[in-house]
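Subject: Structure for you to look at

Hello,

Here is the structure I promised. Please open it and keep it beside you while you read my notes.

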Amino acid sequence: MRPCKRIEIIIESVLADRVIECLHAENVSGYTLIHGVSGQGGRGQRLDDDPAGTASNCLFVVACDSAAEAEAVVTAVRPLLTRSGGVCLVSDAAYVKH
Amino acid sequence: MRPCKRIEIIIESVLADRVIECLHAENVSGYTLIHGVSGQGGRGQRLDDDPAGTASNCLFVVACDSAAEAEAVVTAVRPLLTRSGGVCLVSDAAYVKH
Amino acid sequence: MRPCKRIEIIIESVLADRVIECLHAENVSGYTLIHGVSGQGGRGQRLDDDPAGTASNCLFVVACDSAAEAEAVVTAVRPLLTRSGGVCLVSDAAYVKH
Amino acid sequence: MEISFLSNLTSPPLLFFILGTVATLVRTGLEIPPQVARFLSLYLLFAIGFKGGVALSANEIDTYLLKSLLTAVLLAIVVPLLAFLLLRNRLPVQDAAALAATYGSVSAVTFVTCTSYLDTRDIIWSGHMVAAMALMESPAIIVGLGLYRLHQVRQNNQTTEISVPALLHESFLNGSVFLVMGSMAIGWISGAEGMAQISPLIVGLFSGVLCLFLLDMGIVAARRLPGLFERQENGKGVFGYGMLVFALGFPLFNASVALVLAHLLGLNEGDSLLLAVLAASASYIAVPAALRLSLPEANPGLYLSLSLGVTFPFNIIVGIPLYHSLTRFLNQGFPL
Amino acid sequence: MEISFLSNLTSPPLLFFILGTVATLVRTGLEIPPQVARFLSLYLLFAIGFKGGVALSANEIDTYLLKSLLTAVLLAIVVPLLAFLLLRNRLPVQDAAALAATYGSVSAVTFVTCTSYLDTRDIIWSGHMVAAMALMESPAIIVGLGLYRLHQVRQNNQTTEISVPALLHESFLNGSVFLVMGSMAIGWISGAEGMAQISPLIVGLFSGVLCLFLLDMGIVAARRLPGLFERQENGKGVFGYGMLVFALGFPLFNASVALVLAHLLGLNEGDSLLLAVLAASASYIAVPAALRLSLPEANPGLYLSLSLGVTFPFNIIVGIPLYHSLTRFLNQGFPL
Amino acid sequence: MEISFLSNLTSPPLLFFILGTVATLVRTGLEIPPQVARFLSLYLLFAIGFKGGVALSANEIDTYLLKSLLTAVLLAIVVPLLAFLLLRNRLPVQDAAALAATYGSVSAVTFVTCTSYLDTRDIIWSGHMVAAMALMESPAIIVGLGLYRLHQVRQNNQTTEISVPALLHESFLNGSVFLVMGSMAIGWISGAEGMAQISPLIVGLFSGVLCLFLLDMGIVAARRLPGLFERQENGKGVFGYGMLVFALGFPLFNASVALVLAHLLGLNEGDSLLLAVLAASASYIAVPAALRLSLPEANPGLYLSLSLGVTFPFNIIVGIPLYHSLTRFLNQGFPL
Ligand SMILES: Nc1ncnc2c1ncn2[C@@H]1O[C@H](COP(=O)(O)O)[C@@H](O)[C@H]1O
Ligand SMILES: Nc1ncnc2c1ncn2[C@@H]1O[C@H](COP(=O)(O)O)[C@@H](O)[C@H]1O
Ligand SMILES: Nc1ncnc2c1ncn2[C@@H]1O[C@H](COP(=O)(O)O)[C@@H](O)[C@H]1O
Ligand code: NA
Ligand code: NA
Ligand code: NA
């Protein structure tokens, strides 16, 4: 096991592709994405129920090898979050080498 | 980045609204909710497959600004968990200010 | 609250049953499972869109009482990850007794 | 026309139910995606409700209708009482109450399968039986929870509080009851003209969708079987064979009572069979949802597994043709 | 034939919309699974597009067609201008621009509901109105965002940059516009022969599926109502009654303008009503998606709630029969 | 009647497939929700299986039927052998084995699209070809994995163990094979009477649902294209143009062999074309699932992308009419 940073990004589904672009731009090779997520925050309630899916959120999990890489990801996605809202949490974890 | 508490609550989908009521009662302004989750625990297997959805679980992620807020949330949802089962995990994370 | 280990396993959906077998073999009584997850990693992009669902991932959350139990789980699922790819993260959390 | 299990065994809906069961037992991994399965279940409620409403709009409200509905409601009150009396000394009281609610209420899918059984055989049945079904969904929840509360009060045992308005809300305003009732009202308002607009969806496709839905139900029911025999951690125990007897015998008993009542009241063949099926069936949609909210102490591994894994297959495969034979026997052997 | 709200009130699609609203208001928890609801919405676009294309393939391109399309595009450009002028001093400028885009564009489901209203009454309408609908989806987005940009430049306010190619892409190549246009093209290519192959799906089931979809829309719309009156944390404020007047009055005004134009151009009854409905309706599919990408500063709690929670129900329940009466009134009172 | 690509190019299913491809290439974000897409795929297997079974029930089991089935199984064994021989020195051995399994097995959707092609042209085909399809799904998995194992033993290379019972289970008892076989059995048991009950669903809607499903397949296939040319991190390499030649040429070769066999055996026009399509098509449902379980070392970015992103579109757009021309050519040029 190797220490790593676990980043969790909650953002509107319509912005998922933009987040992926940010990750690619930072050469982050891996992420996991859960669609169809609901939530509530400063910008009101977001329900995964409208027929266009515009109102639903998604959740990214990104395991970063180093604090520096995590910092780069955070810096890259922060402008998206500032404009559109959302949440980004960073925590410590151990990555199981295989 | 600012330290925060990350709470994760796994509970039956039919109780999701009750959890949200608890959060509102504690003036917690934000949460994220994933529906259609399966699992197994002391109360047997729960499958996201029955035609009424009664047997499926959901997963809440709540980022709390302070340990006190986290404590309040935990205290508020604990009775639900005691009666109906489920899991609540609390961990440390950093919240990306934006 | 009691300290515990939170294990997160991201693996192909077709292997979900094998992971569950591993957990049962280690006498782990509880887990939570999210289906329909997408992602990208060393083995390319995995999209939750193909008509057979073969290309989609799933995400397990397992709360373990002790580091030893967590270690056992990690040891049990590691061969699956080695052969088929995927990610396993272990972190510290507190389990809310109820 | 002969009624035999064999004749029913060539009916596609039944065969797809069995196919689904086998698919799970031999672990093929076959699965209808859950969101679609839920939609198919809503479709069946929507279609049967609308058809029932249109049928109602073509008739006057008469005594035949009223006595059918009254008998239905009566059964929905008496059956849970009986179940509780039977079970309260054999099981933890909350499980006895939960089973009373489950078996006192009805399974809409069993009802729908029976209407399709009747339609294939050109046996007429009345639209108001859909109303009877909807009326029978909720009372058992109230009765079951009421009995539980009473029992606790008697024992000076005050651990659980049940909010009465919440309970009434969960019982009468749950999604599936509301959809059947609402669709029936709309069918009744828009009548034959409304039917003309949507009949390709609700009449044309009905049997086919029922096949796909029962395929899913077979898969889902078979998945519940192993749970029935597993020991559970929190001491809620192994239930095993005693409960199997209940899950097979009690429906049979209820169906017989319903058939005798139907015969005495002079209901026609189709309506009698439907009433029997309603009495015999156990809920796995409306009631479990309400129970998880109002009586979470009860073990869903028990009431959901029994109703979905045992009683539902029994009624679909054996029950419907059996109750049908009994109706015929009563009508021919004891003409009024 | 009399046009009255009462006659429309026996139409199943409308009644299911109301049923959905009630289901949410009395908190039954009834819900169409979201993935299925999205599919039903795609089905409606696919079906209406294909039907429109087949109808087009049977006709020549003539001046009647051209003037209908031109009027439609004209409305799609003028309405957002008007909306922005009306709102820019009353609201934060980004919200004014977002509402301009929303109300300048159209609601495909309102259009589809209106075609079903016409079909039930055997009133003919032209296939090219589907093209008119598709053409009206995008321009308002461009206009709304353009006005916002202009306003910012004037104020030397450069905080937001909008990428023009991205904006054009989001406006013209979004999924729903593409599906309608594509299905229309395929309908046009494959003509009556193609229609024969798939008409059981797109003609036979259309009304029934519309009922189920409007049931969902009722549920979804009612969920947006409380949000309209909630104060939001980030200071975006309470909008309340002033906005309600806009959400009800502006569609009425637009419909009236469209009807007068349609009358002057000699459009037939069905096409006039469809043009009015297009002008009156507000987008909640194509536009919100584009706005979240291009103008995330605007508050979706405002534009989505107003279009989905107020204007959509108003048009479905009151608007369609009202605009229909107005058409008749114009045609009879002022024959050309 | 002339067979030309142009005549096929007005067929709605094909056009919707192309529409889906374009939707992805121009990045419209159009998407059929995945759970619904999976259900549509189950619907097609259910419908084609049932129809095949009903057709079978109307006929005796004769030599024509037996020789068709035997040829099908023969192809399902020989094609993967051939593929492995062709590829084992050009690719890592696990990828050669995986491609052998993929191309030796069949694509049910290509088959279904071909039946719809035949139905539109009123060309008859036999119900037992559905059985042929089902029989061809599994053997190639066994052959492919067997060859891999043999190769490893020869090299004294023992890194991978494959459990034989698990492999047989994955090959023969996977969900899609089971659903086709089961539906065929039910169609056969319930016969014309069963068909009468569910034909609005499985016959009436078939072409329309196929359009929607192929729209999704177009979207999904186009998403796989870029992956084909991407270098992968774990050294599994770039495959590029050599593999494209395989993915287009091998199906063509297999189809030709199948057509010659069909001609020698005297199969009718429809059955010959279906056999060719089965030989030419590659699996992307049953086989990839089994491979992920039994041979995870193989790279799905290769076998899934080639079968779904190249061979499937090729067969749908070019293959079916091309093989059809070849059949006609053989029948007319070399009458038996
Ligand atoms: N405190 C929180 N904990 C967890 N998720 C949150 C929290 N606040 C916001 N979110 C999620 O982030 C989304 C956007 O938040 P906001 O921009 O604050 O409206 C919400 O819809 C939630 O899904
Ligand atoms: N150790 C665990 N780790 C992760 N999830 C769990 C665990 N135990 C229980 N769960 C989840 O919580 C639900 C209810 O648990 P229980 O009340 O123990 O039956 C289960 O269905 C699982 O989804
Ligand atoms: N760095 C990462 N962070 C989060 N998830 C990852 C990461 N790398 C891989 N994954 C997930 O694990 C799956 C398999 O990864 P791999 O075996 O590397 O292709 C991917 O499809 C992702 O869903
Ligand atoms: Na009952
Ligand atoms: Na408009
Ligand atoms: Na093949």
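In sequence, the donor residues of the sodium ion (ligand 5) follow the spacing Y-x1-S-x172-L-A-x1-S. Donors are N, O and S atoms within 2.8 Å of the metal (3.2 Å for Na, K and Ca); water is not among the atoms, so sites may look incomplete. This is a predicted model: local features need pLDDT of at least 70, side-chain atom pairs count only at pLDDT 80 or more, and totals for chains, interfaces and linings use all residues. Residues are numbered from 1 along each chain as its sequence is written, chains are lettered from A and ligands numbered from 1 in the order written, and side-chain values use heavy atoms, without hydrogens and water.

The sodium ion is coordinated by O atoms of Y103(E), S105(E), L278(E), A279(E) and S281(E), at 2.4 to 2.9 Å. S105(E) sits in the loop between α5 (93-104) and α6 (108-120) of chain E, and S281(E) in the loop between α13 (269-280) and α14 (286-294), so the pair ties together parts 176 residues apart in sequence. Helices are DSSP runs (H or I, at least four residues), numbered from the N terminus.

Now the interface. 24 residues of chain F are in contact (heavy atoms within 4.5 Å) with 29 residues of chain D. On the side of chain F that touches chain D, α10(F) gives the most, with 13 residues. The count of salt bridges (a side-chain nitrogen of Lys or Arg within 4 Å of a carboxyl oxygen of Asp or Glu) between chain F and chain D is 0.

Best wishes

Methods. Helices (H or I, at least four residues) and strands (E, at least two) are DSSP runs, numbered from the N terminus.
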